Amino acid sequence: MITIKNEALTVQIATLGAELQSIRSSEREYLWHGDAQYWNRRSPILFPFVGSVWNAEYCHAGKVYGMNQHGFARDMEFSVVRQSESEVVMAVESTAETLLRYPFPFRLEISYRLHERTLTVGWRVVNTGEEEMHFQIGAHPAFVWDNSDAVRRGSFVFDAEGPVAGTLLDQKGCIHAEPQYFSQPLESGPHAGEGVLPLTHDYFDEMDTLVLEHDQVHSVLLRDNADQPIVGVRFAAPVVGIWTPTAKQAPFVCIEPWYGRCDRAHNTGELAQHDWTNHLAPGTEFVTECHIDLY
């Protein structure tokens with residue numbers, strides 16, 4: 001277990017999957033603790049796929065490969081590249097086993113850096129092979145979400161002027177339905193003009209992941225029943241997912257910035273043509289980050 005800290009926050013990260021295990025202040029724990037009754041993970045890294053591919057398989061250069069949901073990085077052992085009191089960089093590289101499932105040599109670095117009450121998560125993907133690499137990457141942090149109120153459970157605030165259109169997962173964890181509108185703009189307060197999505201206990205009873213695409217949203221703020229902020233996630237990613245287990249009234253919610261997205265239902269095309277897939281020439285790298293603000 002790796003620990004980084006500053007005067008405001010203490011963060012713990014496991015070497016398995018470079019997965020966050022705890023984000024806490026002197027007042028509260030922000031990260032879900034991984035209870036298998038609801039969901040036994042906490043904040044897995046999604047790589048080299050986000051979500052599911054149709055029938056758990058994909059095609060590259062005419063060959064079919066099997067792939068589980070969210071790829072395999074979350075189950076790989078990372079090594080520490082460097083560490084200070086408030087920052088750590090961890091890395092993993094492709095292996096003979098990963099190349100059987102995903103035929104691209106790579107190096108993946110995940111970093112965590114604290115500054116005041118913000119945790120910055122960095123991703124660096126390097127194509128160490130000799131052909132163009134196709135990949136997706138995303139975050140899946142689960143935040144503690146108070147469910148003590150019998151009806152209301154706070155709200156999400158999006159940095160979008162006007163309603164936000166989202167798509168729900170359909171068959172086999174893939175996209176099929178057309179987008180629907182899920183939020184309305186706030187009329188007053190510090191976030192006036194932005195989209196708000198009120199939440200109740202049964203809001204997620206009939207849906208899986210809510211997928212917001214096409215750069216509609218680059219900031220998601222989770223507020224409690226008193227409209228006080230709990231946690232905010234800021235990102236440049238073109239897609240963000242909102243998820244909590246269906247019909248379980250789970251005491252957490254995930255805010256997931258994605259450079260990628262699950263497959264379209266019935267897709268059998270080449271990997272390079274999948275929606276939201278990123279492409280890296282040999283010897284080049286993809287670098288980005290997101291920011292988690294803790295209140």
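User: By class, how many nonpolar, polar and charged residues does the lining of the second largest cavity have?

Analyst: This is a predicted model. A cavity is a space that a probe fits into but cannot get out of. The lining of the second largest cavity has 5 nonpolar, 4 polar and 3 charged residues. Among the residues that line this cavity are Trp145, Arg153, His201, Asp205 and Lys248, and the volume is about 50 Å³.

User: What is the volume of the largest cavity, and which residues line it?

Analyst: The largest cavity holds about 90 Å³ of space. Its lining includes Leu20, Ile45, Trp123, Val233 and Ile292. By class, 11 of the lining residues are nonpolar, 1 is polar and none is charged. Strands β9 (118–127) and β24 (285–294) each supply at least two residues of this lining.

User: How is a pocket read, and what lines the largest pocket?

Analyst: A pocket, unlike a cavity, is an open set of points. The largest pocket contains about 270 Å³ of space. It is lined by 18 residues, and Gln69, His70, His140, Asp208 and Thr209 lie nearest its centre. The lining divides into 6 nonpolar, 7 polar and 5 charged residues.

User: Which element gives the most to the lining of the second largest pocket?

Analyst: Strand β14 (residues 165–168) gives the most, with 3 residues. The second largest pocket has about 150 Å³ of space. It is lined by 13 residues, and Thr167, Pro179, Glu213, His214 and Arg264 are the closest to its centre. In this lining, 6 residues are nonpolar, 4 polar and 3 charged.

Note on methods
Residues numbered from 1 in each chain as written. Predicted model: local features only at pLDDT ≥ 70, side-chain atom pairs only at ≥ 80, totals over all residues. Heavy atoms only, no water. 1 Å grid on protein atoms, 1.4 Å probe; cavity = no way out; pocket = protein on both sides within 12 Å on 5 of 7 lines; lining within 4 Å. Points joined across faces, edges and corners; volume = space filled by probe spheres on them. Nonpolar A, V, L, I, M, F, W, Y, C, P; charged D, E, K, R; others polar. Helix = DSSP H or I, 4+ residues; strand = E, 2+ residues; numbered from the N terminus.
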